[in-house]
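Please examine the sequence and the structure shown below before reading on.

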Amino acid sequence: MKKYQSILLPFLIWLSVNGHPIPDIPVIGSFETDGNSVITVEIDPRCFADDPEEVPFLLKSNFDSLTNNEKDQLIQKAKAMVSEAMEVRFGMQDWFLPNFSFTFLEKDAGDLAEENILVIQGTYERYLDSNSSFYQIRSLEDAAYDIVFTNLIQGKPQRRVNVLFPNEESFQLDLSFIDGQPLQKKVPELNQSNLPQETKEDMEKRRSDARSTFFSFTRQGFVHVLPLGLDHILFVIGLFFLSRKWKPIIYQVSVFTLAHTITLGLATLDLVSAPSNVVEPVIAASIAIVAIENILFPGYRHLRLLVVFFFGLIHGLGFAGALSAFQLDPASLMIGLLGFNVGVELGQLAVISLVFTATFWLKEEDSYRKFAVIPGSSFIAIMGIYWTVERVFF
């Protein structure tokens, strides 16, 4: 047994820490026409764990039981995390790390939670003059987290949102309204047949902002599946292994998509919520159940769709953190939800395509079941059971 421990143990550790993607870090800029500006970041203390999704939120009661030294250690970890993740600049000035002031912020954990949660908020205040023509952030090479770039002007959320991966720069937020310059151009009535050029430019900017937000969240949705969402990948492969006929695949993927879209949207809008220590074990159990069903009950039956729909609802809650906690314009929120879902579906289709490509040479159904379905589903079932036990008891 010792002969294989050196191989299996690192592999199981990798699987355990890659079961689900980590939370994102929102960077929210707030700007006033008089030059006052505030940049805030929020760090979920779960990010300090190897697998944040398997660690419970920092509840108010647990926070109150921490010593001052333990609280200070959390603050220091947040400072180090931010310093490795991002820099900002105003106009063509040099990039720099803002001198954030960190404190703990109590937030509502949702209707199903008995108490509030604590996050760490960093705040940087600065007065900007008219020479600060734009504001921009960049994600550093060592950043281990998605950074969500959102902004408010005079308290109004802006439509364009960027999700930054390591070594990427955000768009440049125009700050030309500072120092008494007009914030918005006056738009004449749109029922005129000959619209002024300014209005056409404004409309094209809104469209451009919407496209940028959509594609940014589409990419994020794809990455949340492939390569980061290993548990989601195994679930989709489990759906594929039941039958490689197109109708069963389309039925299952469509029902799964519908289900997780429902709960993702409801959770993002704060209409439903569930603690991660409940959601994550159920997601793991769903992987095992689907795989075991492939082995014991071969062949497609419509009852399978009920199982897929139920577990799709749970998987949607697992994705909810990707869009929550950001002060988004309502239109941007809808565009982000749509883009994220499109990205998730593209990720699922990519997974199915890869598995199909890897197994298409098994022409005979008996060979396909013997060399692909049984061993593949057995591995998926073992991993689902392993994750379930780990997430419940450890």
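How many aromatic pairs does a search of the whole structure find?

## Aromatic pairs

The search finds 15 aromatic pairs. Rings of Phe, Tyr and Trp (its six-membered ring) pair if their centres lie within 6.5 Å; planes under 30 degrees apart count as stacked, over 60 as edge-to-face and the rest as tilted. Strands (E, at least two residues) are DSSP runs, numbered from the N terminus.

Tyr135 is buried, with 0% relative accessibility, and Phe149 is buried at 0% as well. Buried means under 20% relative accessible area, exposed over 50%, and partly exposed in between (1.4 Å probe, protein chains only). Ring pairs also place Tyr135 and Phe149 in a cluster whose members include Phe31, Phe90 and Tyr124.

## The surroundings of Phe149

Val161 lies in the loop between strand S8 (156-157) and strand S9 (162-164). Its C-alpha atom is 5.8 Å from that of Phe149, although the two residues are 12 apart along the chain. Val161 counts as buried because its relative accessibility is 1%.

## Basis of the values

This is a predicted model: local features need pLDDT of at least 70, side-chain atom pairs count only at pLDDT 80 or more, and totals for chains, interfaces and linings use all residues. Residues are numbered from 1 along each chain as its sequence is written, and side-chain values use heavy atoms, with hydrogens and water left out.

Definitions and conventions: Helix = DSSP H or I, 4+ residues; strand = E, 2+ residues; numbered from the N terminus.
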